[in-house]
Amino acid sequence: IYLISPNKISINFYQDLKLVLKTEKVSFFQLRLKNYSQKKKIIIGKKIRNICKKNKVKFIVNDDPVLALKLNADGCHLGQKDTNIKMAKKILGKKIIGITCHNSVNLAKKAIKAKASYIAFGAFYQSKTKKTKYAASIKILRKVKKFTKTPLVAIGGINDVNYKNLLLNKANFLAISSYIWKNKKYKPLQAIERLK
């Protein structure tokens with residue numbers, strides 16, 4: 001699982017994060033905070049980084065290679081409108097750099113050429129976290145798998161009902177956020193335990 005932070009960090013968040021990461025189901029954790037100051041992101045980021053380290057989870061920062069460097073994160077995730085991968089590599093050196101490719105084989109080829117660490121596709125299902133601009137289908141995973149060994153991350157509305165289909169169709173990681181953090185039925189720990 002490639003776990004993405006909720007948009008708002010609540011008081012209970014750190015405790016929940018510890019419980020969730022202890023399940024050993026999470027490989028990556030991405031800090032994605034849109035409406036916080038840089039100063040606040042650094043305070044929150046340091047706490048999360050320490051929890052990730054203890055649980056051997058790779059800590060990734062969204063959109064911002066400079067912040068990733070400041071936090072000594074394991075890497076950075078770039079959208080198509082963020083810093084380009086060459087710039088990010090200059091800032092971060094050999095760290096993990098992942099790229100959003102929406103539903104485009106072309107963007108995937110560019111990212112692979114630029115030696116992205118992983119490529120992310122989506123949204124596969126309706127998502128509560130982001131407005132869905134791009135819809136991706138299972139076909140893209142199969143297509144891209146044919147010409148690359150770069151790990152593929154599936155994003156968008158993934159939950160305990162639909163996740164297996166993506167794994168069966170060659171997704172290496174599932175990016176999940178609202179199913180864990182905004183689940184009306186299950187607490188974060190219960191929610192992640194339902195993903196076998």
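**Helix faces, cores and loops in a predicted model**

Leaving aside neighbours within four places in sequence, Thr150 is in contact with Ile112, Ala116, Ser117, Tyr118, Ile119, Lys145 and Asn172. The model is predicted. Thr150 sits in the loop between H6 and E7. Its relative accessibility is 12%. Because buried means under 20% relative accessible area, Thr150 counts as buried. The side chain of Thr150 also makes a polar contact with the side chain of Thr148, at 2.8 Å.

Lys131 lies in the loop between E6 and H6. Its relative accessible area is 79%. The cut-off for exposed is over 50%, so Lys131 is classed as exposed. Lys131 and Gly156 are 25 residues apart in sequence. Their C-alpha atoms are 9.7 Å apart in space.

The overall fold was considered next. The secondary structure of the protein comes to nine helices and eight strands. The radius of gyration is 16 Å, close to the 16 Å that the globule rule gives for 196 residues, so the protein is as compact as a globular protein of that length. Along the principal axes, the C-alpha trace spans about 45 × 40 × 30 Å. The accessible surface comes to about 11000 Å². Carbon and sulfur atoms account for 53% of that surface. Of the 196 residues, 48% are buried. Contacts were also sorted by separation along the chain. Among those between residues at least 6 apart in sequence, 55% join residues at least 24 apart.

The largest nonpolar core has 57 residues. Within this core, Phe29, Ile48 and Phe121 touch the most other members. Helix H1, residues 13–22, supplies the largest share of the core, with five residues. Contacts of Phe29 were listed without residues up to four places away in sequence. On that basis Phe29 touches Leu3, Ile4, Ser5, Phe13, Leu17, Ile48, Cys52, Val57, Lys58, Phe59, Ile60 and Trp181.

Helix H4 spans residues 85–92. Its residues Ile85, Ala88 and Leu92 are buried. Seen down the axis of H4, the buried residues fall within an arc of 60°, so they line one face of the helix. An α-helix has 3.6 residues a turn, so residues three or four places apart point the same way. On the other side of H4, Lys86 and Lys90 are exposed. The cover over the buried residues of H4 includes helix H3 (65–70), strand E4 (75–78) and strand E5 (96–100).

Not counting residues up to four places away in sequence, Leu92 touches Pro65, Ala68, Leu69, Cys76 and Ile97. Leu92 and Ala73 are 19 residues apart along the chain. Their C-alpha atoms are separated by 9.4 Å.

Both ends of H4 were examined. At the start of the helix, a side-chain oxygen of Asn84 reaches to within 3.0 Å of the backbone nitrogen of Lys86. H4 is followed by Gly93, whose phi is positive, near 60°.

Helix H5 was examined in the same terms. H5 covers residues 105–113, and Ser104 caps its N-terminal end. A side-chain oxygen of Ser104 lies 3.2 Å from the backbone nitrogen of Asn106. After H5 comes Lys115, with a positive phi near 65°.

Helix H6 spans residues 138–145. The buried residues of H6 are Ile138, Ile140, Leu141 and Val144. Viewed down the helix axis, these residues fall within an arc of 160°, so they line one face of H6. They pack against H5, strand E6 (118–122), strand E7 (152–155) and helix H7 (163–168).

How values were computed:
Residues numbered from 1 in each chain as written. Predicted model: local features only at pLDDT ≥ 70, side-chain atom pairs only at ≥ 80, totals over all residues. Heavy atoms only, no water. Polar contact = N/O pair within 3.5 Å; in protein donor to acceptor, adjacent residues only side chain to side chain. Helix = DSSP H or I, 4+ residues; strand = E, 2+ residues; numbered from the N terminus. Core = buried A, V, L, I, M, F, W, Y, C linked by side-chain atoms within 4.5 Å. Buried < 20%, exposed > 50% of the residue type's maximum accessible area, 1.4 Å probe, protein only. Contact = heavy atoms within 4.5 Å. Rg over C-alpha atoms; globule rule 2.2 N^0.38 Å. Areas by Shrake-Rupley, 256 points an atom, 1.4 Å probe, with all protein chains shown as cover. Arc of directions from axis to C-beta.
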